Structures are given as C-alpha cells and as structure tokens.
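Here's a quick briefing to read alongside the picture. Keep the structure open and look up each spot as it comes along.

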Amino acid sequence: MKAWFAVLIGLVCALAVTVTAENVIILTESNFDSIVNEAEFVLVEFFAPWCGHCKRLAPEYEQAATTLKDSGSDIKLASVDCTENEALAGRFGIQGYPTLKIFRRGTPFEYNGPREAAGIVSYLEKQAGPSSKPLKTASEVDAFIAKSQQDVGFVAFSENDADLAIFRSVANNLRDDFIFGEVSDADLIAKYNHKGVVAYKKYDDKEAEFKGTLAFENLKDWVNAQALALAGEITNANKKRYDATGLPLVGVYFDVDHEKNIKRTSYYLRRIEQAAKDFAGKVLFGISHNSLLSSPELKGKGPETVILTDKSQKVYKYPVDSAFSVAGLKSWVQDFIDNKLKPSIKSEPIPEPSTSGATVVVGENFDEVVLDNDKDVLIDFYAPWCGHCKTLAPEWDKLADELRGVDSIRIVKIDATANDWPKDKFAVQGYPSIFFKNGKGQIQKYESGRSVADFVRFLETNASTKFESPSAGGAAAAGEDKKEKKKEKKKDKKKEKKEKKKDKKDKKHDKDEL
C-alpha cells in the first residue's frame, strides 16, 4: 500500500511540474521574433541546461509564470536554451547564465529584480505599468515636482504624440533609476509655462529644460547627466548613475564626513565645483570616501587621493609631486583630454616567453598579447587562491601544448588579482572566467565544458582562422579506422551466418534426395 501511495505522490508531483513548466513559453530562433515582437511585455530567460544557477532558478521561474497566468495577468514568461539557439545568445550579447531580459514590443531592457517566484511576480507587475505617469491636475503636477526635488525627476509638457512616444521610450529604459511624468493638457502646459522635457532636482539650479534635438539617445544622455550634481558625492548608492553617463570621472578620495569633518569636506567640494565648470558635459567630478577606492594600492600618501577613471575603467593618478589646487586640477584634466596622460596600470613584471603551458599575460602587455592582433585568443582570468582555477590549470596548460603548433591561436592566462585589464571589454564576475577574442576583435564569454576536448571543439567552431588540432585529427582518423573495422567485422559475421544457413539448407536437400 505504501509503495502504491509513493508512486501516486510521484505521479501527482510530476504532473504538477509539467503543468507549471507549460506556462513558460519556449522560444527558438524560428519563433522568437514572431512572439516577442508582438508581446506588450514578456520576460525572457536565456539559460544553459548544464548551468547550476539555471537549475535553481527553474522552479521559481515556472512558479512565477503559473502565478501570473492564474491571476489573469497579460505578463508572459519565456525561455531560450542558448546551447540550442546560439544565434539568439549572440544577438542579445548573453555572456553568462541565466540572463533575464524584459522585452516590450521586442525592445530589450535589463531585468534587475529578485530571482524567487514571489519577488519575480511583484517586480514584473510594477514594471508592466506605465513608465511615465499621466499628470492630469495641477495638484498632481505639484506633488510630482515636490517628490522629484527630493532627488531628481522628469516631466514632459507636450501635446505632441510623437514627442511623448520618445519620452516614454526613455522612461521605459530608465524606469529603475528615475521617476517620469507627463502633462498633455493645454491649460496645464500654459500654467507651468514649459514646453518640452524638464528636470526637477534637489541640487544645482533645481530645474533644467532639455534644449537639444528630441531623439531617444539625446534625451537619454541628457537625463543621465541631469541625475548628477555638477560636483557631488560618489557613493555606492549612486555609482551606477555616474557609470551610466559614459563620461570620465574625477574622484577626490579622503575621509569624507559631513558631521565630524564638515570643514574639510566643504573645502574639497568647493574646489572641484570650480574646476568642474570648465569641463561640463565632458568630465564628471565628485568627492568620495577612501573606502570606495577601486583598489587599496591607489591610495596616495597625502590627505587626499585624486584619480581619473575613463570609460574603459583605466585609471590616471594625479601627480604625487603636485599640490592639490583648482589650477593644478584643471591643467591635469586638460592634459587627459589632450591625450597627454598615461594610465596607471597594475601589473606584474612581463614574464619571459615559455615553451610549455599557457602564455602568461600581465597588465603591461595585455593589449599587445590579447587585443591588438588578428589572433584567436582564449584567455583564462584566474585567482591563485581559487580551487576551481587550480582544477582548470592542468587542462589549460595541456590545451596550450596541444595547440602550440597552430600559429593563429593563443591560449592565455592572467592572474586577475595582480593585474589590470580592460574591464569594459572583459566583465569578469568570478574565477575562473574564460573569454574568447576572435581574429576580428569580437569578444564573448566562454560558457561550455572545461576539458581539452571541449575547448578544442569550441575553437574549431568559433575561430576566425580554421585549423585542425593535431591530436584531434589523429583521434578522428583512429575513430574512422575503428568504425571501418567494426563495419567489416559486422559484414563478415553476416556473410558467415548466411553461408551457415546455406550449408544447412544444402544438407537438408541432400538428405531429402537420399
């Protein structure tokens, strides 16, 4: 009885999983556009079946899909198996699994929400609402402006549908970061004496009007720029806003304290404000606490550390022999704009060439070895203390030795804890992280198996210059020989069986004749 009960429970559970999974739409290269481009709102998971994180997400994702369907929501959840649909993974720049993206009528947006069922549902229900709030009365407009000036918010005053469509597109793109409202009533527009997009903020001039040509990229860049004071404080909470502008950032790092050290904090703020006026729209400025320095090695010996970080995350240090001043800061930043400065690169010494194992690259020669050439490069970013890295190391060196005779390929490794690299090109988020740069300069994250055979298969498929691995060719030939011999043996056995059958028939015939 217990056995039958266990079987029944198993069948019920299996049925429940099947029903839940059916609520997630399976997308492929053949149906992706027809489904996603027509949907008002759909969340898409890009996954790989072997990925542990994907397996953990699966039941939560399926439960969220079922909850939304049962509630009558129009929100859809879908998934793409990237191992079966590599073109889709490449099209949307998928570099890790699982990656979740929200699509609104085919336009992708990053998903920054939770990864458990209830959290996914709650986040999506908020995201599916309008990104720009219609403001229909003066009291609604006043309340929205007051809320905006606690930080920053944006209002479009317009009766033009095309202009409002552009504003809503930007609002959709930046809805996680800012609040947006719109006024389309002619009387209300006249009351506030604005036409176009206005930023309301708690700093600088309190409000600013968009003056450029109204286009998506122009408005988006302006919105991001308005989100920051001319000279403010860089914190963990707003660092994303600074990064979103794509502008170089001058940071003055010291023991910022707005209560115990307000005099010193004000001193640096006033000076960077004076310098910032000369570089508005070109370079951002801010003060920040020493604890937010990207690397402890950057800290200077004086009371402050001044560094400039460009859009590729390269770092430039203010001269240690120069006193901090407005004039000195302006001159140094102008030298950066004029390409007169050299970045400060963390690097181990360039090693001697090796005749075995993977090529070791360091910060100083990274561009030369990895980027500035037409080679197909597979690179391992590792940490010396990482257990998974230690497991990979012998396979990596074997791979390098096997392909040493293939001139078009480089198998490279770098100690990511001791060297800098272009972080805008290689988004390393854990160790080991493996990336592939092909001969045309295109970069992708490697997400397949970690044996020599797996790496070789990947390179044979993705390398710009076609090649044949010496051992892989031999193995293939040996495999073909083995296959042929097996085929011949099978043929011989069949022939032997046929002959035996014939002999038996002949003997019977002879017996009958007698």
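This is a predicted model: local features need pLDDT of at least 70, side-chain atom pairs count only at pLDDT 80 or more; totals for chains, interfaces and linings use all residues.

**Strand β9 and its partners**

- Let's begin with strand β9 (residues 196–201), where 5 of the 6 residues are buried, so the strand is largely enclosed by the rest of the structure.
- Strand β7 (residues 152–157) pairs with β9 in the antiparallel sense, over 6 bridges.
- In that pairing, Val152 stands opposite Lys201 of β9.
- β9 also pairs with strand β10 (residues 207–209), again in the antiparallel sense, this time over 3 bridges.
- Here you'll find Ala199 opposite Ala208 in β10.
- β9 and β10 make a hairpin with 5 residues between them, and Asp204 in the turn has a positive phi of about 50 degrees.

**Rings meeting rings**

- A pair of aromatic rings is described by the distance of the centres and the angle of the planes.
- The count of aromatic pairs in this model comes to 31.
- Take Phe46 and Phe92: the ring centres are 5.8 Å apart and the planes are at 50 degrees, so this pair is tilted.
- This pair links distant parts of the chain, since Phe46 is in strand β2 (residues 42–47) and Phe92 is in the loop between α4 (86–91) and β4 (99–104), 46 residues apart.
- Are these two residues, Phe46 and Phe92, buried or exposed? Both Phe46 and Phe92 are buried.
- Phe92 also pairs with Phe103, with ring centres 5.2 Å apart and planes at 85 degrees, so that pair is edge-to-face.
- Because Phe92 is in the loop between α4 and β4 while Phe103 is in strand β4, the pair ties together parts that are 11 residues apart in sequence.
- Phe92 has 15% relative accessibility, so it counts as buried, and the cut-off for that word is under 20%.
- Phe103 is buried too, with a relative accessible area of 0%.
- Elsewhere, Phe154, Phe167, Phe178, Phe180, Phe210 and Trp222 form one aromatic cluster.

**Charges over rings**

- Lys191 has its charged end over the ring of Tyr192, 5.7 Å from the ring centre.
- Lys423 does this with Trp421, its charged end sitting over the ring at 4.3 Å from the centre.

**Two packed helices**

- Helix α14 (residues 387–402) packs with helix α15 (residues 452–462) at an angle of about 50 degrees, and their axes are 9 Å apart.
- That makes α14 and α15 oblique to each other.
- Their crossing, α14 with α15, is right-handed.

**An open sheet**

- Which order do the 5 strands of the open sheet follow? The order is β11-β13-β12-β14-β15, and the pairing is mixed.
- β11 (231–233) and β15 (315–317) stand at the edges with a single partner strand each, so one side of each has no neighbour in the sheet.
- On average, neighbouring strands of this sheet are turned by 25 degrees against each other, direction ignored.
- β11 and strand β13 (residues 284–289) run parallel, joined by 3 bridges.
- Glu233 stands opposite Ile287 in β13.

- Most residues other than glycine have a negative phi, and most peptide bonds are trans.
- Back to Asn193: it has a positive phi of about 55 degrees although it is not a glycine.
- At 65% relative accessibility, Asn193 counts as exposed.
- Arg105 has a positive phi as well, near 50 degrees, and lies in the loop between β4 and β5 (107–110).
- With a relative accessible area of 44%, Arg105 is partly exposed.
- Tyr97 and Pro98 are joined by a cis peptide bond with omega about -15 degrees, and Pro98 lies in the loop between α4 and β4.
- From Tyr431 to Pro432 the peptide bond is cis, with omega near -10 degrees, and Pro432 lies in the loop between β18 (409–415) and β19 (433–437).

Terms used
Residues are numbered from 1 along each chain as its sequence is written. Side-chain values use heavy atoms; hydrogens and water are left out. Buried means under 20% relative accessible area, exposed over 50%, partly exposed in between (1.4 Å probe, protein chains only). Helices (H or I, at least four residues) and strands (E, at least two) are DSSP runs, numbered from the N terminus. Two strands pair if DSSP finds at least two bridges between them. Rings of Phe, Tyr and Trp (its six-membered ring) pair if their centres lie within 6.5 Å; planes under 30 degrees apart count as stacked, over 60 as edge-to-face and the rest as tilted. A charge sits over a ring if NZ of Lys or CZ of Arg is within 6 Å of the ring centre and within 35 degrees of the ring normal. Axes are lines fitted to C-alpha atoms, for helices over the stretch in contact, and angles run from 0 to 180 degrees between N-to-C directions. Angles under 35 degrees count as roughly parallel, over 145 as roughly antiparallel, 65 to 115 as roughly perpendicular and the rest as oblique. A crossing is left-handed if the near helix is turned anticlockwise from the far one by less than a right angle, and right-handed if clockwise.
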